[in-house]
Protein chains: 2
Amino acid sequence: MCETSARQQAKMPSHWTEDVKARVNARLAEFFEEKLAQANAMSPRAGDLVSAVAELTMRGGKRLRPAVLFAGYRAVSETGSAERIDDACAALELLQTYFLIQDDWMDGDEERRGGPAVHASLTRQYGNAQLGASLAILAGDMAAGFAFELLHRAPFAATHVHDGLAAFSMMHFEVVCGQQLDLLEHADTSLTHHLKTGSYTVRGPLRLGALLAGANPAQLTALERFGEPLGVAFQLRDDLLGTFGDPKTTGKPAGHDLREGKNTALIADARLTLAPEQWATLEQVLGRPAATADELLAASALLESSGVRARVEAKLAGLIAAASAALDGAPLTAGGTLMLRELLARLSMRDR
Amino acid sequence: MCETSARQQAKMPSHWTEDVKARVNARLAEFFEEKLAQANAMSPRAGDLVSAVAELTMRGGKRLRPAVLFAGYRAVSETGSAERIDDACAALELLQTYFLIQDDWMDGDEERRGGPAVHASLTRQYGNAQLGASLAILAGDMAAGFAFELLHRAPFAATHVHDGLAAFSMMHFEVVCGQQLDLLEHADTSLTHHLKTGSYTVRGPLRLGALLAGANPAQLTALERFGEPLGVAFQLRDDLLGTFGDPKTTGKPAGHDLREGKNTALIADARLTLAPEQWATLEQVLGRPAATADELLAASALLESSGVRARVEAKLAGLIAAASAALDGAPLTAGGTLMLRELLARLSMRDR
């Protein structure tokens, strides 16, 4: 599969994901300028909130979701203008900004995209944590409103925008429910990922792009059959990187997820398969901020020697195979299918 | 004006605001049932969030905004089916639920509509204030998503729904900016009210109802000329009730706003017009939770004897006159105009 995918990538127009990124960044910059003018006409302080949203949105981000959306669009419309989808791409990034602002506040994370989290920077500015958090929540509200506004302005036939808005609302509903599960202990991890990550990283953007292009039911089914395993594969890859990833490329310390006590697919497998004394060794490290580098190394070696890592990697390979198979003979355009195969390779094989 | 309005009310079909209330309640109940089924199919915990939203939404509320929306709709379409507007009415109430959940958490208010605020009840349930607040914010997110979803499903021509969504987004933007001003000290009070109260209580719902009915620009202008002074009048009446209202009908203790230190229109006038020693007397009470009933009584007597109350009441009368005059000869339906006059009387003369 990987070879097929690599060969197919070679045939792709070069850097289409870079083109999507450049276009969505330009659209976002233009939109923020429009909103800043509106905000300044509205109140002397409203510009601060728009700026907080703009600053975090433009600070970084791989623009992965717009690329997925674009591939979903192209899978249905090979010749539609690329620019037509920019509003929807920008809407996804604003939805992401909104989730990040809330997520950071809920988790007490002070940093995001190499700078301060929005609640952290507003708390510093006003010297008051409750006020900083409240203003951050308002910035998130604003970003969410912008996302709905951009999407409903997308230049497509009214019925297609209507279907796109329904998909967007469902994605919003799923992510909120996924975040709820994430906050509650003992919640089902794979369901949390399905709702929180799979929904708005893969399945939702694919569906949205396809609906805006006027997809028929067979096309939507094919994309769903592709997106569902890809979403899970994306998460498994994330879990593998969080434990075995090279700190130099992931930017996170080795064994990061073990120290954080994250209930990854590795831990879920280990809990079921390790002998009691092996599990006890692992548990001494899990969620212990004070765990030493040596202890973390021993724990990840245990996950490797006991076959846990191999099982998760085998599961990942199976998911990639399933996603790839879903594209074989699917009623999608040739160009769009190539893009989807490239995304499959990138998302599930990435090293950061 | 009051007499005219009272006479016109007599000609109105009986209790149309009660009809709107009954219909929006029925639509909300039906919608929550649909969403609860979706949530239960999605995750074992998602139903809790839907229930939190439903419980606060159905706990009470005058359904004032749906009545304003309905009058805006009728002012443009005298014969359109009443049921067609139900989705939009329900959307406004869900937007209101979202704002109330956030507002209560931001202000630290523990009660709402005669029961616990959402963050307060979730904090009690989980024994953790940060978790309770986070889950409340998610419930608010869900309510906001529901509001956009209901509106975009409203059974009107696609172009009218499109215009309605634009108005809804603008209203959302204004309220978020109004809430920001409300959180920041020394902010411009009348601008805060314009954005926070006027926007989604009066101007926004009127405009939304009219747009869904396919209003032309002249009709929108007439409604704007009516809604702008009415929104301010509504707020002034609120200010007068908060200081001079009868505790038996308002449900709030006498002099409530003085004790809270609210920067009402009365206080804004007093600050400009009272002699220094009078202002000093007033300031001793303002925002002092420990102020006695006698001190509050003396302060409100001062606002009366110094002419502050009379000036605010004169301003209110002028606004009512302006709103009423905006309807004279306006290009709106006869039936809708009667409803607007009735709302004018109710909103600006209410005693609770």
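Into which domains is chain A divided? I am working with a predicted model, and in it chain A splits into domain 1, covering 1-216, and domain 2, covering 217-330.

**Entry: the two domains of chain A**

I looked up how the domains sit relative to each other and found that the C-alpha centres of domain 1 of chain A and domain 2 of chain A are 25 Å apart. Their contact involves 17 residues of domain 1 of chain A and 18 residues of domain 2 of chain A. On the domain 1 side, helix H4 (64-76) and H9 of chain A each contribute at least two residues, and H9(A) gives the largest share with 11 residues. Sorting that side of domain 1 of chain A by class, I noted seven nonpolar, eight polar and two charged residues.

**Entry: chain A against chain B**

How many residues does each chain bring to the contact? I noted 37 residues from chain A and 38 residues from chain B. For the side of chain A that touches chain B, the elements that each supply at least two residues are helix H2 (16-42), H3, H5, helix H7 (129-152), helix H8 (158-183) and helix H9 (189-212) of chain A. The largest share of that side is 13 residues, and H8(A) is where these come from. By class, the side of chain A that touches chain B holds 23 nonpolar, 10 polar and four charged residues.

**Entry: H3 and H5 of chain A**

I then turned to single helix pairs. Two packed helices are described by the angle between their axes and the distance between the axes. Helix H3 (residues 46-58) of chain A and helix H5 (residues 86-107) of chain A have axes that come within 10 Å and cross at roughly 105°, which means that H3(A) is roughly perpendicular to H5(A). From H3(A) the contact takes Val53(A), Leu56(A) and Thr57(A), and from H5(A) it takes Glu93(A), Leu94(A), Thr97(A), Leu100(A) and Ile101(A). I counted these by class as five nonpolar, two polar and one charged.

**Entry: H10 and H17 of chain A**

At what angle do H10 and H17 of chain A pack? For helix H10 (residues 217-244) and helix H17 (residues 334-349) of chain A I read an angle of about 25°, with the axes 8 Å apart, so H10(A) is roughly parallel to H17(A). The H10(A) residues in this contact are Phe226(A), Leu230(A), Ala233(A), Phe234(A) and Arg237(A), while H17(A) brings Leu340(A), Leu344(A), Leu347(A) and Ser348(A). Seven of the residues in the contact of H10(A) with H17(A) are nonpolar, one is polar and one is charged.

I followed one of these residues further. Leu340(A), which lies in helix H17 of chain A, is buried because 30 other C-beta atoms lie within 10 Å. Setting aside neighbours within four places in sequence, Leu340(A) is in contact with Ala71(A), Ala75(A), Phe226(A) and Leu327(A). Leu100(A), by contrast, is 240 residues from Leu340(A) in sequence and 26 Å away in space, C-alpha to C-alpha.

**Entry: the nonpolar core**

The largest nonpolar core has 222 residues, and those with the most contacts inside it are Ala139(A), Ala147(A), Ala139(B) and Ala147(B). I checked Ala147(B), which touches Ala91(B), Leu94(B), Leu95(B) and Tyr98(B) when residues up to four places away in sequence are not counted.

**Entry: Glu174(B)**

Is Glu174(B) buried or exposed? I find it buried, because it has 22 C-beta neighbours inside 10 Å. Glu174(B) belongs to helix H8 (residues 158-183) of chain B and, apart from residues up to four places away in sequence, touches Met42(A), Leu195(B) and Ser199(B).

**Entry: positive phi angles**

Most residues other than glycine have a negative phi, and most peptide bonds are trans. I noted Arg113(A), with phi near 50°, in the loop between strand S1 (111-112) and strand S2 (115-116) of chain A. Arg113(A) counts as partly exposed, because it has 14 C-beta neighbours inside 10 Å. I also noted Arg63(B), whose phi is positive at about 60° and which sits in the loop between helix H3 (46-58) and helix H4 (64-76) of chain B. Arg63(B) is buried, because 24 other C-beta atoms lie within 10 Å.

Terms used: Residues numbered from 1 in each chain as written. Chains lettered and ligands numbered in written order. Predicted model: local features only at pLDDT ≥ 70, side-chain atom pairs only at ≥ 80, totals over all residues. Axes fitted to C-alpha atoms, helices over the stretch in contact; angles between N-to-C directions. Helix = DSSP H or I, 4+ residues; strand = E, 2+ residues; numbered from the N terminus. Parallel < 35°, antiparallel > 145°, perpendicular 65-115°, else oblique. Contact = placed C-beta atoms within 7 Å. Nonpolar A, V, L, I, M, F, W, Y, C, P; charged D, E, K, R; others polar. Core = buried A, V, L, I, M, F, W, Y, C linked by C-beta atoms within 7 Å. Buried ≥ 20, exposed ≤ 12 C-beta atoms within 10 Å, placed from the backbone. Domains from an automatic or database assignment.
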